[in-house]
Amino acid sequence: MCSQSRIGSNDPETRALRQRVNLHFQYLYDTAVQEGLQPSDLMKIDAVVELREDLNSFEIPNYVWKCLAAFVISFISLVIVYLSEWPVDNDTVFKLWMDVGGADPISHQCAVEVFEFMPEMFRPPARSCNFCRNVKSVKKVENISPEQFEELYAYTGRPVVVRDGTKDWTASTQFSYKFLKSIYSKNSTALKNVEENCQFFPYKSNFKDLEEVFDMSDDKALMKDRSSPWYIGWSNCDLSAANTLRQHYSRPYFLPKRAESSKTDWIFMGSPGYGASMHIDYVNHPSWQAQITGTKRWTLEPPSECYFQCPRSLEVIVQPGEIIVLDTNLWYHATLNVGDNISITIGSEYD
Ligand SMILES: O=C(O)CCC(=O)C(=O)O
Ligand SMILES: [Fe+2]
């Protein structure tokens, strides 16, 4: 479409001719000046003026115009398709995009990889800013009934931390780097299954997969050897690992009775000083995430179209035993392990 076309004024023959004319002209001009004529006298001759104008004129090649027109037409078409959601709606475009990129939006809790690089202009705009309007801070609540939770938070998009979210769980006494390593031991079916069928996010750590994570020395894992911080996340889609893990936690008590938690839980784990960089997700539902060990700071930002109606940024520190509930499709979010211990969280989406 943008290939260069052959046009008269720029082809090699014309250029050579122009050069020859130029040389002759220069010769005549220099001789005239030597004979006593002033350059201003020469400019009184119409033919000289025309010739100079022609030589000085800069012509933008035709193919540049064609490329520019193609770009403008494509851009306007994209904007029209995006705004009118015709002939394809934006959801389908995103799903297609993620499929092409090898990501599976259905089982994808945290589309970090895709969205970190996705330009802001291609994100579907928030349908309304109600979820962040008048939210001044991330509230911490306790002993909240499923009915209250449903009315105030479950589907409103308002983030909240439930202080006693993990009451009655034994996870905080059991979950550790070593415990998880024992569940995903080398050559175990759980590890193989997770490697082959589940999602793994290395963030900025250099780990290739979960096997490499559990291969690191305990000293590195616990940052006793002054090595750099690490942070990873994975979805557990292995049933036997899920059964072992679920002996130590259960569905959060405050979720609405009819709400179902996704079968795939997500675990995020890492040393102090590291976390997930700012991103927004493209998943199906809001999420809960229980802080089992360590302390994590969450920074939340509304999408840019809500800047004038909502707070520019919110911060909340989630302590061990607390559960944060967040719609990660609505809020940009970043995390940082600010405690002294390894941070281990487990969470899921709920509908
Ligand atoms: O826990 C984290 O560090 C990041 C979690 C996250 O991005 C998510 O749950 O969507
Ligand atoms: Fe996320």
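User: How many bridges join strand β5 to β11?

Analyst: This is a predicted model. Strand β5 covers residues 265-270 and runs antiparallel to β11. The number of bridges joining β5 to β11 is five.

User: In β11, which residue is the bridge partner of Q291?

Analyst: Strand β6 (residues 287-293) pairs with β11 in the antiparallel sense, over six bridges. In the order of the open sheet, β1-β2-β9-β6-β11-β5-β4-β3, β11 is written between β6 and β5. The bridge partner of Q291 in β11 is T345.

User: Why is strand β11 largely enclosed by the rest of the structure?

Analyst: Both faces of β11 are covered, with S343, T345, G347 and E349 buried on one side and I344, I346 and S348 buried on the other. In the protein chain of 351 residues, 28% count as buried. Strand β11 (residues 343-349) is largely enclosed because the buried residues number seven of seven.

User: Which strands stand at the edges of the sheet?

Analyst: The open sheet has eight strands with mixed pairing. An edge strand here has a single partner strand, so one side is left without a neighbour in the sheet. The strands at the edges are β1 (139-141) and β3 (200-201).

User: Which residue of β4 is the bridge partner of F200?

Analyst: Strand β4 spans residues 231-236 and pairs with β3 in the antiparallel sense. Two bridges make up this pairing. The bridge partner of F200 in β4 is W234.

Notes: Residues numbered from 1 in each chain as written. Chains lettered and ligands numbered in written order. Predicted model: local features only at pLDDT ≥ 70, side-chain atom pairs only at ≥ 80, totals over all residues. Pairing = 2+ DSSP bridges. Helix = DSSP H or I, 4+ residues; strand = E, 2+ residues; numbered from the N terminus. Buried ≥ 20, exposed ≤ 12 C-beta atoms within 10 Å, placed from the backbone.
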